[in-house]
Amino acid sequence: MANLNDIIKWCDQTLLSAEFKDYAPNGLQIEGKADVKRIVSAVTASETAIDAAIELKADLLLVHHGYFWKGEPYPITGMRGNRIKKLIQHDISLVAYHLPLDTHPTLGNNVAIADLLELQDIEALDSSERHPIGNIGYLKQAVSPEEFQHKLQQVFDFNIVHLPANKSSIHKVGFCTGGAQDFIAKAALQNCDAYLSGEISERTFYEAQELNVHYFACGHHATERYGVQRLGKALADQFSLEYHYVELNNPV
Ligand SMILES: [Zn+2]
């Protein structure tokens with residue numbers, strides 16, 4: 001059993017969350033019981049994730065996508081009201097880490113992708129950023145775009161969309177999880193052969209062609225399911241807690 005405030009303090013210090021200007025508050029978003037025995041993590045604090053946390057008798061729900069995003073209306077009503085009511089009724093804390101969990105060098109979503117794809121010599125996609133949101137890495141050996149798509153398909157278990165460029169092989173790969181398709185321009189500036197993110201836009205098709213960077217959409221959920229698992233396991237080890245990850249199977 002651990003104290004909620006100790007858990008939050010450890011996360012904030014480990015993830016350096018105070019150093020980020022983010023689109024939503026990082027850390028404790030909704031306060032539940034002070035003593036925590038069991039953590040459940042999920043990518044997004046959807047009603048399905050909350051129901052799973054209730055079912056698993058969690059004291060704390062840890063997510064990548066929490067609530068209170070910039071520009072959202074303030075009133076706690078409707079769908080969000082329903083979610084928050086359930087959490088409060090069951091005394092479950094909601095803890096969310098967004099950008100700090102994308103970029104962390106060992107627990108983050110981006111480093112997880114580098115590990116899964118066995119990318120080497122990882123560097124920043126934009127070297128002016130203190131905590132780089134996107135990264136670049138190198139495949140052990142160059143592969144054809146078709147071979148790379150096949151590898152991505154296996155790693156992410158997702159129906160990969162490939163927007164082709166005019167390059168016959170891929171060695172240098174830019175990557176950023178989630179909805180970072182527009183960073184393809186940064187990947188082009190760094191002479192990447194390919195760039196991958198989660199989501200895709202209509203414009204991305206032309207950008208891949210004209211910037212001559214192969215684009216691969218690997219799923220927002222599929223590319224961001226790793227950070228919350230790594231952080232959940234790290235918390236379980238640090239504080240001797242029970243921990244479960246809930247896979248929500250979001251096809252987007
Ligand atoms: Zn995301």
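Visitor: In this predicted model, how many residues line the second largest pocket?
Guide: The part of the lining nearest the centre of the second largest pocket consists of Thr103, His104, Pro105, Pro132 and Asn135. By class, the lining of this pocket divides into nine nonpolar, six polar and two charged residues. The second largest pocket is lined by 17 residues.

Visitor: Which helix gives the most to the lining of the second largest pocket?
Guide: Helix H1 (4-15), helix H4 (99-103) and helix H5 (109-116) each supply at least two residues of that lining. Domain 1 (2-97 + 224-244) and domain 2 (103-223) each contribute at least three residues to the lining. With three residues, the helix that gives the most is H5.

Visitor: What volume does the second largest pocket have?
Guide: The lining of this pocket includes two charged residues. The space within the second largest pocket is about 210 Å³.

Visitor: What is the volume of the largest pocket?
Guide: Three of its lining residues are charged. The volume of the largest pocket is about 280 Å³.

Visitor: Which residues are the protein donors of the zinc ion?
Guide: In sequence the donor residues are spaced H-x154-H-x3-E. The donor atoms lie 2.0 to 2.1 Å from the zinc ion. The donors are NE2 of His65, NE2 of His220 and OE of Glu224.

Visitor: Is Glu224 buried or exposed?
Guide: A residue counts as buried under 20% relative accessible area. His220 has a relative accessible area of 17% and is therefore buried. At 3% relative accessibility, Glu224 is also classed as buried.

Visitor: How many disulfides are there?
Guide: A disulfide is a covalent bond between the sulfur atoms of two cysteines. The cut-off for a pair of cysteine sulfur atoms is within 2.5 Å. By this rule the number of disulfides is zero.

Visitor: Why is Cys218 not bonded to Cys176?
Guide: Cys176 is in no disulfide. Both cysteines are buried, Cys176 at 5% relative accessibility and Cys218 at 0%. The closest cysteine sulfur to that of Cys218 is in Cys176, and the two are too far apart for a bond because the distance is 12 Å.

Visitor: How many Å apart in space are Ala234 and Val111, C-alpha to C-alpha?
Guide: Ala234 is found in helix H10 (residues 227-239). At 18% relative accessibility, Ala234 counts as buried. In sequence Ala234 and Val111 are 123 residues apart, and their C-alpha to C-alpha distance in space is 15 Å.

How values were computed. Residues are numbered from 1 along each chain as its sequence is written. This is a predicted model: local features need pLDDT of at least 70, side-chain atom pairs count only at pLDDT 80 or more; totals for chains, interfaces and linings use all residues. Side-chain values use heavy atoms; hydrogens and water are left out. Donors are N, O and S atoms within 2.8 Å of the metal (3.2 Å for Na, K and Ca); water is not among the atoms, so sites may look incomplete. Buried means under 20% relative accessible area, exposed over 50%, partly exposed in between (1.4 Å probe, protein chains only). On a 1 Å grid over the protein atoms alone, a cavity is a set of points where a 1.4 Å probe fits but cannot get out, and a pocket is an open set with protein on both sides within 12 Å along at least five of seven lines; lining residues have an atom within 4 Å of a point. Grid points are joined across faces, edges and corners, and a volume is the space filled by probe spheres set on the points. Ala, Val, Leu, Ile, Met, Phe, Trp, Tyr, Cys and Pro count as nonpolar, Asp, Glu, Lys and Arg as charged, and the others, Gly among them, as polar. Helices (H or I, at least four residues) and strands (E, at least two) are DSSP runs, numbered from the N terminus. Domain bounds come from an automatic or database domain assignment.
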